[in-house]
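Biologist: I have a structure to go through with you. Can we take it in short questions and answers?

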Amino acid sequence: MTHLARSRLVGWRLLQAIPVIVGIIIVSFLLTRALPGDPAAYFAGPAADAASIEQIRVSMGLDRPLPVQFVAYVQDLVRGDLGISISTGQPVMHELTTRLPASLELTGVALLFSIAIAMPLGILAATRPNSWVDHLCRAVVTAGVSLPTFFTGLALIYVFYYLLGWSPSPMGRLDFLHLSPPKVTGFYVIDALLARDLETARAALAQLLLPAITLGLFTLAPIARMTRAAMLQILEGEFIRTARAAGLPRRQVLFTYALRNAILPVITTLGMVFSFALGANVLVEKVFSWPGIGSYAVEALVVSDYAAVQGFVLTMALLFVTLNLIIDVIYTLVDPRLGLEE
Amino acid sequence: MTTLTADGASPLAGVRRFLRHLLYVMTDNPMTAFAFMLFLLIVGAALVGPWLVPYDPLATNAGSTLQPPSWQHWFGTDQLGRDVFSRVVVATRLDLMIAVSAVAIAFVIGSTLGAIAGFYGGWAERITGRCMDTIMAFPLFVLAMGIVAAAGNTVENIIYATAIINLPFYARMARTEVAVRRNAGFVQAARLSGNADWRILAFQIFPNSLPPMMVQISLNMGWAILNAAGLSFIGLGVIPPTPEWGIMVAEGANYIISGHWWLALFPGLALMLAVFTFNLLGDGLRDLVDPQRRT
């Protein structure tokens, strides 16, 4: 029964994502049609005359009414056609899919890093109010929201690459001494481990460490703050007092009763954290010359390669919706109250 | 804030009461006083900075490029021999102007939409909510990049893009703040004495919703500064010789790996300080404008 209720909830949540995706597609369609000046003149190139601009306009369908253009746009999307990147001459879709694993590897490791630090920090701060851990937590949270990511990244490069020499040069995913591992997942560290190439795995990890920490420091603050606030609120609760009065061991009260309830608001904040992380990802990729989709978009922006930028915005938005969906499904699965109500 | 104090008996008494309250808030919490001093410093730099700086922020000097900080050049000089201190101070005005305009636009449009949605409910609420959800469905910085790329690479478009990504916060906040007060006692009293809807909304509900919105404004200001600097860091909006913190950090980034740390450090620190100030100020502002704490 509860199993059925949960899967119905998950299904309902999946249905709710549809209007959001429709909204995203409409916005990105409007963005592609709002190019400065005349898109046809832009795509025809600077040397084109009036006739060839007109020809491009017809071939792109820009002479048709907007709703018709929108249908054509959606049809292209369904076929995975995001247009051709002017700077590289490659289909945008191809560029984005080859570069996506680099971005996912960076963001994933960064989030794991920040969750691994922020959650224990928040829990410790909540269980020992006004201790040094609590003050440390507050300092981290305040500093974390004020730090520009690109600035943190540069500071880390200066200290760990220039001063200490511990870190390899901040240029991409692997230095020139190593060949990229055979592609299985697209994540260099995992691929190198699968190929049993420990040396390459170590080199890839060394390249990954600094950008991941930079991005992780940025997302640390909201997670730590939410964990602390949620734990404080839960620990006030009567069921915790009852559990304590019943003589349950401290560890069990903290982790089985308090944490399982406190984790819910934390999971909800993760949605916002992802939004920040994906945005900050662009800046971190630029600072560390990380060959992901963020630095691709930045390069495209510089040369006014609009198809590439709009493809990037759409990809990021769809990625974000997917992540939010995953979060909501996890929320449904871990919420202890859901099973009891049925 | 002035609308709140102006409805007192005489304007002068209102101002005096406001100042006394300001003093009380400042002495009550030293952190707020500190943030307020920093705020005055930043606003001062934005207003009179260009006349106070020792060097012309655009003047190049081939004789003294990449000099480390010294008594002549407090923050050192950059690759063209320009004085970094002067550039950091002069940049304050542009950075602040972008953030203030963006947040002001977002506040006016967002809170109006949100207030209408919260007051009337129904279709107004559903449509606004759907639009705001669509904006929030994008990673916000990425959406700002897309808007600037589509609308054209200018400072005005940076402002509009930052305003758009800030809209949902105000709209949602105004909606909830107005919705909880929609049927409050003082609103019913105002309605019974014959006030029109818009009058109740503008003069009864909205001033009471202001305190939490003030905190949001202050926090958003910090975030808006970060976003605008991030956009110019990746080469959008501000054109290079213009002093601006984001672009200065971006230019300094090329010299970090050769050890010229001062190029990126000082504009970065200025950026951090500004964001930090607005974040601290958020809580101070809440005490300042909260009608319930004013006795």
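Modeller: Domain bounds here come from an automatic or database domain assignment. Keep in mind that this is a predicted model.

Biologist: Which domains does the assignment give for chain A?
Modeller: One domain of chain A is written in two stretches, and the other in one. The assignment gives domain 1 (1–87 + 305–342) and domain 2 (98–302).

Biologist: How far apart do the C-alpha centres of domain 1 and domain 2 of chain A lie?
Modeller: The two domains of chain A do touch: 18 residues of domain 1 are in contact with 16 residues of domain 2. Their C-alpha centres lie apart by 28 Å.

Biologist: How many helices does chain A have?
Modeller: Chain A has zero strands. From the N terminus on, its elements run α-α-α-α-α-α-α-α-α-α-α-α-α-α. The helix count is 14.

Biologist: What share of the residues in chain A is buried?
Modeller: Chain A has 342 residues. Its C-alpha trace spans about 85 × 55 × 40 Å along the principal axes. The buried share is 40%.

Biologist: Is I225(B) buried or exposed?
Modeller: I225(B) lies in helix α9 (residues 197–233) of chain B. A residue needs 20 or more C-beta neighbours within 10 Å to count as buried. I225(B) has 29 inside 10 Å, so I225(B) is buried.

Biologist: How far is I225(B) from M97(B) in space?
Modeller: In sequence, the two are 128 residues apart. Leaving aside neighbours within four places in sequence, I225(B) is in contact with D95(B), A99(B), L271(B), A274(B) and V275(B). From C-alpha to C-alpha, I225(B) and M97(B) are apart by 9.4 Å.

Biologist: Which residues of chain A does V249(B) touch?
Modeller: Residues up to four places away in sequence are not counted. Within chain B, V249(B) touches F233(B), A264(B), P267(B) and G268(B). In chain A, V249(B) touches F150(A), F151(A) and L154(A).

Biologist: Which element gives the most to the side of chain A that touches chain B?
Modeller: The contact takes 39 residues from chain A and 36 residues from chain B. Elements giving two or more residues to the side of chain A include α1 (2–33), α7 (149–163) and α11 (250–287). With eight residues, the element that gives the most is α13(A).

Biologist: What is the handedness of the crossing of α6(A) and α9(A)?
Modeller: Helix α6 (residues 132–146) of chain A packs against α9(A) at an angle of about 135°, with the axes 8 Å apart. C137(A) and V140(A) are among the α6(A) residues in the contact, and L217(A) and F218(A) are among those of α9(A). The crossing is left-handed.

Biologist: And what is the handedness of the crossing of α5(A) and α11(A)?
Modeller: Helix α5 (residues 92–127) of chain A and α11(A) pack at an angle of about 140°, with their axes 9 Å apart. That makes α5(A) oblique to α11(A). The crossing is right-handed.

Methods: Residues numbered from 1 in each chain as written. Chains lettered and ligands numbered in written order. Predicted model: local features only at pLDDT ≥ 70, side-chain atom pairs only at ≥ 80, totals over all residues. Contact = placed C-beta atoms within 7 Å. Axes fitted to C-alpha atoms, helices over the stretch in contact; angles between N-to-C directions. Helix = DSSP H or I, 4+ residues; strand = E, 2+ residues; numbered from the N terminus. Left-handed = near helix turned anticlockwise from the far one by under 90°. Buried ≥ 20, exposed ≤ 12 C-beta atoms within 10 Å, placed from the backbone. Parallel < 35°, antiparallel > 145°, perpendicular 65-115°, else oblique.
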